[in-house]
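Welcome! This short report walks through a structure step by step. Have a look at it first, and then read on.

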Amino acid sequence: MDLASKIKGTLKQAEIFAAQGLLVEARDNYRSLIELLQAQPRIKDREKLIKSLAAKVEKMEARIRKVESAEPPPVLSPEIQALIKRLFSFSQSDDPDHVALDEAVALTKFGQYASAMAEFEILLNRPSVRLAAAKNILRCHLAAQDVPAAVEQYRRWLEDPRFDPELQAKLYGFLQSMLEQQGKGVDLPEPPDILPSEMLPTLQIEAPDEVLDINTVRIQIPEGPSKGLYVDYDVSFQSGNVISILVSETDTEVLKALQLGEILPNVEMTATVAIFKGSAKVMAKNRIKVGPRSGYFNVDLKIRAFAVSCG
Amino acid sequence: MAVFNPKKREIECKLVYYGPGRGGKTTNLEWIHRTFTKNVAGKLVSINTEGDRTLFFDFLPMGLGKIRGCEIRVQLYTVPGQVKYSATRKLVLKGVDGVVFVADSIAVRREKNALSLKDLAANLKEHGLNIFRIPLVMQFNKRDLEAQGVPLLSVEQLQRDLNRQLKVPAFPASALNGEGVRETLKTALELTLKHLHREMRWAQAS
């Protein structure tokens, strides 16, 4: 293929890529043309061509930057928000308050924090979902990168008669934990009459056969240099009250604690509509030898008990 | 997860178009929306960015009428293809009954196809589903670009890359022109409804 045809062909291809939205590929084509021309000093109007191609490269790079930028999600219309609530709330509850909670949670998953918070605010008046709604309001503030708003909201609840000392204590623990995870050192005011958790009587019940869908599990490291710290894992699979998590081989302290038959006493589980504490028994631990998760350990945990704290 | 009402004899199922960014998933739905006007049961909802990239999902509800004594409704979705929208893809995939994997035939997109297929397998697994068992159809899109001199992967190469182990039905296509779109959708629906019949026994004996 002669040079002129090659240049024409590569240029045409770049333009097709750009029209397709394949910006990186288009940019790379323009760059390769610049290199080609730079190696050919005798081409007529070479400098003019190179300049024109450089401008195209710059244009592609500007578009790539825009596409890759972490802009906040746009506010969607009420119609689309209603559609999201219909399509992406998977609640199987008959309780309208739990259904409403699940719908509001669906909005948060698409970054519609303002609308979600408005719905959670209404649900604060429903005792059965008050705690979950409050936690989700705090999550929304933190997801929107507004730590001061989350802290201020929590402070307001300390004086809100709807929130008794027990709820305030739970919210304190929850927000404290979220802020630590994000590396934000904020001194939260402690709620009045807070009792250390070990002084609260706990009601231990056996896990029912049917449990909520658990999304994440938080395990406390029992020993070693990181003793007492919490580590979060996404639940990769769940069957009844047995959940599976994938633990990296680099999480050595956690893996050491996850011996077969071992009972983990301080486990926190997050479901769509609730966060609850419990314990879990290690039922299986298998190293993945092939595939994209090679080196990870697949760990099965049987949720052994739910702990409900009552003042 | 399909919803079957045995009293009303209605079944509603979910089909998701998956694949790398800019591969033609939304174009598939747009063509279906324009063409199957009798079966479209609502608006095509597209939530995308200024550059027409899918931001969250596309959604198109369809009614297929009565088949084997049962009213069939299907919801078509697409996922955003950009790598950074992984969490949204996982969310949209929840409750899926059938998948259409739209691969990009352009040669420089070969790696993106493979990564997207891996991503699909991983996300299905997180939902307790197995890519080898779920109703799945492949589409090798953008075949029309060969005529414009763009280097494409051959259908044989795409089969080797993406379908060697899965061995699912695969269709060359040009979603922009509608070529292969109908066949892809028809086969995906057939596989999905057959699978659902095995699970739910929705179809009456003819």
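Before we meet the strands, one term is needed: two strands are said to pair if DSSP finds at least two bridges between them. Please also keep in mind that this is a predicted model.

**Paired strands in chain A**

With that term in hand, let us start with strand β2 of chain A, residues 214-220. What is the bridge partner of A:I219 in β5(A)? The partner there is A:V267. A:I219 also stands opposite A:V231, a residue of β3(A). These two residue pairs belong to two strand pairings. β2(A) runs antiparallel to β5(A), residues 263-271, and five bridges join them. β2(A) also pairs with β3(A), again in the antiparallel sense and over five bridges.

We can follow the strands one step further. β3(A) is joined by four bridges to β4(A), residues 242-247, and the two run antiparallel. Here A:S239 stands opposite A:V242 of β4(A). β3(A) and β4(A) form a hairpin, with two residues between them. In that turn, A:G240 has a positive phi of about 65 degrees.

**Two chains side by side**

Now step back and look at whole chains. Chain A has ten helices and seven strands. Its radius of gyration is 27 Å, well over the 19 Å that the globule rule gives for 311 residues, so chain A is more spread out than a compact globule. Chain B comes to five helices and eight strands. Along the sequence, the pattern of chain B reads β-β-α-β-β-β-α-β-α-β-α-β-α. The radius of gyration of chain B is 16 Å, close to the 17 Å from the globule rule for 206 residues, so chain B is as compact as a globular protein of that length.

This table sets out some values for each chain.

| Property | Chain and value |
|---|---|
| Span of the C-alpha trace along the principal axes | Chain A: about 85 × 45 × 40 Å |
| Box filled by the C-alpha atoms along the principal axes | Chain B: roughly 55 × 35 × 30 Å |
| Buried residues | Chain A: 24% of the 311 residues |
| Buried residues | Chain B: 47% of the 206 residues |
| Of contacts between residues at least 6 apart in sequence, those joining residues at least 24 apart | Chain A: 53% |
| Of contacts between residues at least 6 apart in sequence, those joining residues at least 24 apart | Chain B: 70% |

**Inside the structure**

Which residues touch the most other members of the largest nonpolar core? In this core of 86 residues they are B:V16, B:L76, B:V99 and B:F101. Apart from it lies another core, made of 13 residues, including A:V254, A:L258, A:V267 and A:V299.

Back in chain B, let us take a closer look at B:L76. Leaving aside its neighbours within four places in sequence, B:L76 is in contact with B:L15, B:Y17, B:L29, B:I32, B:L60 and B:M62. Two of these names come up again in helix α1 of chain B, where B:L29 and B:I32 are among the buried residues. In this helix, residues 25-35, eight of the eleven residues are buried, so α1(B) is largely enclosed by the rest of the structure. Among the elements that cover its buried residues are β2, β4 (54-67), β5 (70-78) and α5 (181-200) of chain B.

**Where the chains meet**

How many residues of chain A are in contact with chain B? There are 20, and they are in contact with 20 residues of chain B. On the chain A side, α1 (3-20), α4 (78-88) and β3 (230-239) each supply at least two residues. The largest share, five residues, comes from α1(A). By class, this side of chain A has twelve nonpolar, five polar and three charged residues.

**Two loop residues with positive phi**

Finally, look at two loops. A:D45 lies between α2 (23-38) and α3 (46-68) of chain A. Its phi is near 55 degrees, a positive value in a residue other than glycine. Is A:D45 buried or exposed? A:D45 is exposed, with 10 other C-beta atoms within 10 Å.

B:R9 sits in the loop between β1 (3-5) and β2 (10-18) of chain B. Phi of B:R9 is also positive, near 55 degrees, and this residue is not a glycine. B:R9 is partly exposed, with 16 other C-beta atoms within 10 Å.

Terms used. Residues numbered from 1 in each chain as written. Chains lettered and ligands numbered in written order. Predicted model: local features only at pLDDT ≥ 70, side-chain atom pairs only at ≥ 80, totals over all residues. Core = buried A, V, L, I, M, F, W, Y, C linked by C-beta atoms within 7 Å. Buried ≥ 20, exposed ≤ 12 C-beta atoms within 10 Å, placed from the backbone. Contact = placed C-beta atoms within 7 Å. Nonpolar A, V, L, I, M, F, W, Y, C, P; charged D, E, K, R; others polar. Rg over C-alpha atoms; globule rule 2.2 N^0.38 Å.
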